[in-house]
Amino acid sequence: MATSPDISVAARAKYEPIIGLEVHVQLLTVTKIFCSCSTRFGAPPNSNVCPVCLGLPGAMPVLNKKAVEFAVLASLALNCKINETSIFARKNYFYPDLPKGYQISQYDKPLAEHGWIELTMNGTSKKIGITRLHLEEDAGKSLHEGFPDAATKTAIDLNRSGVPLIEIVSEPDMSSPEEAHEYLTRLKEIILFTAVSDCNMEEGSLRCDANVSVRPLGARQLGTKTEIKNVNSFRFIRQALDYEIGRQVEVLESGGKIVQETRLYNENEGKTYQMRSKEQAHDYRYFPDPDLRPLLVNEKWRNEIRRLLPELPEARRKRMMADYGITGYDAQVLTSSKNLADQFESAAKDAKNPKRVANLVQSELMGRLNARNLAIEQSPISMQGVAQSADLVESATISGKMLKDLYDLCFERNKDFSAVYEEEGRPEQSREVSVLEKIVVDVIAANPKQVEQYRAGKKTVAGFFVGQVMKASKGQANPQLVNELVVKKLQE
Ligand SMILES: [Zn+2]
């Protein structure tokens with residue numbers, strides 16, 4: 001965890017943190033936002049470039065329709081109101097990875113506004129407002145390693161220049177690092193369900209900046225905020241916020257003032273450091289890009305896109321809990337990706353008893369996955385495998401004990417249920433019963449004295465026979481089944 005400045009819990013409790021987040025998400029289009037260059041990650045440096053994304057004079061941008069559709073889809077999923085007219089603006093600044101000298105973004109007329117995400121934490125719900133969602137292009141990348149002369153030179157890769165992004169700006173509605181973490185988790189989940197981005201943080205498809213201030217409890221006026229930039233995981237965002245809140249409280253408690261500035265988080269030290277103060281901040285001199293017409297998203301187009309909207313995670317969890325009688329926790333696990341939820345539902349629908357499929361996932365599958373520290377996507381047993389095993393138990397072809405053993409074999413061999421079931425010769429309970437029956441008969445025949453005791457009324461002797469049969473089966477038999485067979489044979 002972050003090593004917060006050494007301030008007492010009591011001092012912290014006197015202040016209320018105010019947190020807002022800005023999230024950049026790369027859209028999964030095949031080509032860039034204003035040219036037909038590929039967006040593929042990992043291509044050799046400067047291989048996916050053209051006059052438009054190199055910013056050569058006279059090159060004209062042409063808006064990618066797919067990028068707009070993806071941005072509208074994300075906006076609808078985040079409960080935003082889509083503006084019929086939005087304007088692309090030039091955000092002017094100089095940086096080596098920005099050859100045009102400006103970034104095309106949206107400013108006072110963004111694509112979408114007034115959305116929200118609902119968080120449920122510790123049983124209470126809270127809506128976090130989304131101020132705006134706008135489209136923009138990404139800049140290039142400065143490279144400081146991985147090429148000759150890297151010790152003395154910086155190289156520029158412009159493959160990322162012009163890749164489509166949406167920026168999602170939240171209201172300053174979050175009041176703890178935990179809420180910020182939950183907001184990011186839910187936001188990412190919703191975006192993944194819409195499939196407009198892969199949200200891969202390692203590849204920079206999802207990036208987050210945080211604004212944070214503190215004010216004395218009950219105060220109305222907002223405190224001076226700082227911005228934390230370039231944090232590359234949700235866990236580090238939570239740690240960085242925790243540290244920064246502590247730092248600000250300490251400054252205020254010792255009579256100091258918070259300076260509005262941009263800070264960087266050092267994850268190794270668990271501390272934030274000043275990057276630049278706002279006095280040095282840019283004046284971006286935004287103005288409408290004369291090369292791009294206003295973006296019009298009329299009602300007809302908006303409705304066409306709305307039809308592409310999938311059932312979103314929160315709604316899906318509620319419905320799955322009702323349809324399959326599963327717990328909120330299980331619904332959470334089963335909707336951890338849309339793919340998994342789809343797999344589960346298609347398997348459960350085809351199964352004789354969908355509830356049994358859900359139960360097996362919860363008990364037998366999750367238990368084994370957790371014990372091995374595996375995510376459900378890494379499970380050797382597919383949802384179809386779970387459904388098949390559920391049907392076999394449902395039809396009494398295999399017992400619960402046999403299912404457990406088969407699941408263990410699946411994990412040992414890293415194979416799906418259907419494969420292991422075949423390898424084991426399609427075991428059946430009835431075959432197991434006839435083998436056990438023979439052992440029971442033998443054990444009874446070998447112990448006439450105990451049989452007499454049992455028939456004379458000493459029913460507890462049955463336990464002796466069960467023990468003997470279990471021993472003879474080398475502990476493999478199902479004790480409940482053995483007990484039933486022993487009692488049945490003793491009473492014959
Ligand atoms: Zn290009």
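Predicted model: local features only at pLDDT ≥ 70, side-chain atom pairs only at ≥ 80, totals over all residues.

Modeller: The 4 donor atoms around the zinc ion subtend angles of 100 to 117°, so the arrangement is tetrahedral.

Colleague: Which atoms coordinate the zinc ion?

Modeller: The SG atoms of Cys35, Cys37, Cys50 and Cys53, at 2.3 Å. A donor must be an N, O or S atom within 2.8 Å of the metal, so these SG atoms qualify. Their spacing in sequence is C-x1-C-x12-C-x2-C.

Colleague: Why is it said that Cys37 and Cys50 tie parts together?

Modeller: Both lie in the loop between β1 (15-26) and α2 (51-54), and the pair links parts that are 13 residues apart in sequence. Cys37 and Cys50 are also buried.

Colleague: Why is strand β12 called largely enclosed?

Modeller: Buried means under 20% relative accessible area. In β12 (residues 226-231), 5 of the 6 residues are buried, so the rest of the structure largely encloses this strand.

Colleague: How do you know that β12 pairs with β11 and with β13?

Modeller: Pairing needs at least two bridges. Strand β11 (residues 206-216) is joined to β12 by 4 bridges, in antiparallel fashion; Ala210 stands opposite Ile228 in β12. β12 and β13 (residues 261-266) have 3 bridges and are parallel, with Lys229 partnered by Leu264 in β13. Both counts reach two, so both are pairs.

Conventions: Residues numbered from 1 in each chain as written. Heavy atoms only, no water. Donors = N, O, S within 2.8 Å, 3.2 Å for Na, K, Ca; no water. Tetrahedral: all angles 85-135°; square planar, octahedral: opposite > 155°, others 65-115°. Buried < 20%, exposed > 50% of the residue type's maximum accessible area, 1.4 Å probe, protein only.
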